[in-house]
Amino acid sequence: MKPFPTAGGAFFVKRRKGEGGAVLNRDEIRGLLERCRNGDATIEETTEALARMPYENLGFAHIDHHRELRQGFPEVIYAEGKTKEQTQAIFQRLLSESAKSVMATRVSPDKAAFVREAAPEAVYDEAARILYVKRNVEPPDEDCRILVLTAGTSDIPVAREAVLTAELMGNAVDACFDVGVAGIHRLFAHEEEIRRANVIVVVAGMEGALASVVGGMSARPVIAVPTSVGYGASFHGLSALLAMLNSCAAGVAVMNIDNGYGAGVLASKINRMR
């Protein structure tokens, strides 16, 4: 603990290992501002403490511990491209500092097993490729549900990434898989779920036509996620991406190829707006 001098003596700002200054949570910031208001800290001292709001430097990563304060959810680890040691170190630090759920995306089974040696409470969803610890999740509003649809079974991994992301962010989520336009009667069988949903995520590869169909069926926001599923001319999802961007259905937003996590975050933000 490092003392921070004030007119009334000293108060303490917690210090973490690494560079980046004091790591403060929302309650600590409120307390700091109240001390300033009460005359126990000067404006200059308070400004200096807030100016050192922070990150933690691990050498190979600068962990943004205040993302939860700014955005309502802690920094999420993109594990692909990181070593298992790097992933484990970042996961542990986020687990130590955050009051909310901690998650890592695009985690391979061997990397998940390595991280869980240090964090046995972590759960691994192999389909979604997400490693997470769920905690302090607000009860979801059952009247504002997110619906995730896939065109095919092969699109499920990307859809599961969206589902789990939205759930960890405190949303009620439903899912219907393999309801693509090649057998469109399967989609129509879920018309009630489509009408009930507050936000819809459509995950599709091949020609990506499902997003336009759903966009024409619902008055709610539709988030389209092209996947890299398909034969040669699909160009690893590029064809679906372009088709979704050219959708004639109004109100369809398009994510990057295979970005189920991004779709889950956007769906959550839309769903929680009041």
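User: In which helix do Arg195 and Glu191 both lie?

Analyst: In this predicted model, Arg195 forms a salt bridge with Glu191, and the closest N and O atoms of the pair are 2.7 Å apart. Arg195 is exposed, with a relative accessible area of 54%, whereas Glu191, at 31% relative accessibility, counts as partly exposed. The two residues are 4 residues apart, about one turn of the helix, and the helix that holds both is H8 (residues 191-196).

User: How many helices and how many strands does the secondary structure of the protein come to?

Analyst: The protein has 274 residues, of which 47% count as buried. Among its contacts with a separation of 6 or more, 68% are accounted for by residues 24 or more positions apart. The secondary structure of this protein comes to 11 helices and 13 strands.

User: Which strands stand at the edges of the open sheet of 4 strands?

Analyst: The open sheet has mixed pairing, and its strands follow the order E5-E6-E8-E7. A strand at an edge has a single partner strand, so one side of it is left without a neighbour in the sheet, and this holds for strand E5 (77-78) and strand E7 (123-125).

User: Which residue is the bridge partner of Asp125 in E8?

Analyst: E7 pairs with strand E8 (residues 130-133) in the antiparallel sense, over 3 bridges. For Asp125, the bridge partner in E8 is Ile130.

User: What angle does the direction of helix H6 make with that of E8?

Analyst: Helix H6 (residues 156-168) packs on the sheet, where it touches strand E6 (102-105), E7 and E8. Taken against the direction of E8, the direction of H6 makes an angle of about 15°.

User: How many residues apart in sequence are the parts that the pair of Glu138 and Arg272 ties together?

Analyst: Glu138 forms a salt bridge with Arg272, with the closest N and O atoms 3.0 Å apart. Glu138 lies in the loop between E8 and strand E9 (145-150), while Arg272 lies in the segment after helix H11 (260-271), so the pair ties together parts whose distance in sequence is 134 residues.

User: Which residues are linked with Arg145 in a network of salt bridges?

Analyst: The count of salt bridges comes to 8, and the pair of Arg145 and Asp174 is one that belongs to a network. Besides Arg145, the residues linked in this network are Glu142, Asp174 and Arg196.

User: Which residues is Phe177 in contact with, leaving aside its neighbours within four places in sequence?

Analyst: Phe177 is found in the loop between E10 and helix H7 (185-188), and it is partly exposed, with a relative accessible area of 32%. Its C-alpha atom is separated by 10.0 Å from that of Val202, which is 25 residues apart along the chain. With neighbours within four places set aside, the contacts of Phe177 are Thr150, Ile156, Ala159 and Arg160.

User: What is the phi of Asp178, which lies in the loop between E10 and H7?

Analyst: Asp178 counts as partly exposed, at 31% relative accessibility, and its place is in the loop between E10 and H7. Although Asp178 is not a glycine, its phi is positive, at about 65°.

User: Where is the place of His236?

Analyst: His236 has a positive phi of about 55° although it is not a glycine, and at 65% relative accessibility it counts as exposed. Its place in the chain is the loop between E12 and H10.

User: How much accessible area do Phe235, Leu238, Leu242 and Leu245 have together?

Analyst: Phe235 lies in the loop between strand E12 (222-226) and helix H10 (238-245), and it is exposed, with a relative accessible area of 54%. Together with Leu238, Leu242 and Leu245, Phe235 forms a nonpolar patch on the surface, and the accessible area of these residues together is about 400 Å².

How values were computed:
Residues numbered from 1 in each chain as written. Predicted model: local features only at pLDDT ≥ 70, side-chain atom pairs only at ≥ 80, totals over all residues. Heavy atoms only, no water. Pairing = 2+ DSSP bridges. Contact = heavy atoms within 4.5 Å. Axes fitted to C-alpha atoms, helices over the stretch in contact; angles between N-to-C directions. Patch = residues over 30% accessible without salt bridge, like charges linked within 9 Å, V, L, I, M, F, W, Y side chains within 5 Å. Areas by Shrake-Rupley, 256 points an atom, 1.4 Å probe, with all protein chains shown as cover. Salt bridge = Lys/Arg side-chain N within 4 Å of Asp/Glu carboxyl O. Buried < 20%, exposed > 50% of the residue type's maximum accessible area, 1.4 Å probe, protein only.
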